[in-house]
Amino acid sequence: MIKCTTEIDETSQKSLSKYTKIYSIISLVVESIGLLVYLILGTIFDNQYLDFLLLFSIPFGFGLVFLITLNKSTKNMTNNNFVNSYEFDIDYFNVATSKNGEVVGT
C-alpha cells in the first residue's frame, strides 16, 4: 500500500494555473490591439467591410473573464488550504480531502 499527501494552497493554485494565465494575458493583449485597430479604422473610414474586426471582441471577453476568474480563485485559496491524502492499494485507491485537520470528503 502506498500513501502520500499533497497540500493545495495558494502557491500550488498559482503553479496549476500558470499557463492558463499566460494565455489569457496574451489573448487580452492581442485582442485589445485588434479592437483598437477597429476603432481607429472605423472612425477614419466608413466601410462596412471593417465590421469583421468586431470578431476581436469575443476572445477579448473570454481573456478578460478567464483572467478575473483565475485571480479570484487564487485569492480564495489563501483562505481554503486543503490537504489531499492518497492511499493506493492493488484493488482500489482512496482520496481523502481535509481542511484544518477535519476530513471534508472521501
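**Entry 1: starting at N94**

I picked N94 and looked up what it touches: leaving aside neighbours within four places in sequence, N94 is in contact with S85, Y86 and E87. I note here that the model is a predicted one. N94 sits in strand β3. Is N94 buried, partly exposed or exposed? I found a relative accessibility of 33%, so N94 counts as partly exposed.

Then I looked up how far N94 is from V65. In sequence the two are 29 residues apart, and from C-alpha to C-alpha I read 35 Å in space.

**Entry 2: the whole chain**

Next I stepped back to see what the chain is built from. I listed 3 helices and 4 strands. Following the sequence, I wrote the pattern down as β-α-α-α-β-β-β.

I also looked up the overall dimensions. The C-alpha trace spans about 70 × 30 × 20 Å along its principal axes. The radius of gyration of the chain is 22 Å, whereas a compact globule of 106 residues would have one near 13 Å. How much of the chain counts as buried? I found 18% of the 106 residues.

Contacts came next. I kept to those between residues at least 6 apart in sequence, and 59% of them join residues at least 24 apart.

**Entry 3: the sheet**

In what order do the strands lie in the sheet? I traced them as β1-β2-β3-β4, an open sheet of 4 strands with antiparallel pairing. β1 (2-8) and β4 (102-105) are at the edges; each has a single partner strand, so one side of each has no neighbour in the sheet. From one strand to the next, the twist averages 30°. As a reminder to myself, strands of a sheet pair through backbone hydrogen bonds, either parallel or antiparallel.

I then looked at one pairing in detail. β1 and β2 (residues 82-88) run antiparallel and are joined by 7 bridges. Which residue of β2 does E7 face? E7 stands opposite V83.

**Entry 4: S98**

I returned to β3, which covers residues 93-99, and picked S98 in that strand. The relative accessibility of S98 is 16%; buried means under 20%, so S98 counts as buried. What does S98 touch, not counting residues up to four places away in sequence? I listed N81, F82, V83, V103 and V104.

**Entry 5: aromatic rings**

A pair of aromatic rings is described by the distance of the centres and the angle of the planes. I looked for such pairs and the count came to 3. Why is the pair of F62 and F66 called stacked? The ring centres are 6.4 Å apart and the planes meet at 25°; planes under 30 degrees apart count as stacked, so this pair does too.

Both F62 and F66 belong to helix α3 (residues 57-79), and they are 4 residues apart, about one turn of the helix. F62 has a relative accessible area of 51%, so I noted F62 as exposed. F66 has 46%, so I noted F66 as partly exposed.

Another stacked aromatic pair is F88 with F93, at 5.9 Å centre to centre and with 25° between the planes. F88 counts as partly exposed at 36% relative accessibility, while F93 counts as exposed at 54%. Which residues form an aromatic cluster? I found Y86, F88 and F93 together in one. Y86 was already in my notes, as a contact of N94.

**Entry 6: a salt bridge**

Side chains of opposite charge can pair when their charged atoms come close. How many salt bridges does a search of the whole structure find? I got 1. The side chains of K14 and E10 form a salt bridge, with 3.8 Å from N to O.

Where do these two residues lie? Both are in helix α1 (residues 10-16), 4 residues apart, about one turn of the helix.

Key
Residues are numbered from 1 along each chain as its sequence is written. This is a predicted model: local features need pLDDT of at least 70, side-chain atom pairs count only at pLDDT 80 or more; totals for chains, interfaces and linings use all residues. Side-chain values use heavy atoms; hydrogens and water are left out. Two strands pair if DSSP finds at least two bridges between them. Axes are lines fitted to C-alpha atoms, for helices over the stretch in contact, and angles run from 0 to 180 degrees between N-to-C directions. Buried means under 20% relative accessible area, exposed over 50%, partly exposed in between (1.4 Å probe, protein chains only). Contact means heavy atoms within 4.5 Å. Rings of Phe, Tyr and Trp (its six-membered ring) pair if their centres lie within 6.5 Å; planes under 30 degrees apart count as stacked, over 60 as edge-to-face and the rest as tilted. A salt bridge is a side-chain nitrogen of Lys or Arg within 4 Å of a carboxyl oxygen of Asp or Glu. The radius of gyration is taken over C-alpha atoms; the globule rule is 2.2 Å times the number of residues to the power 0.38.
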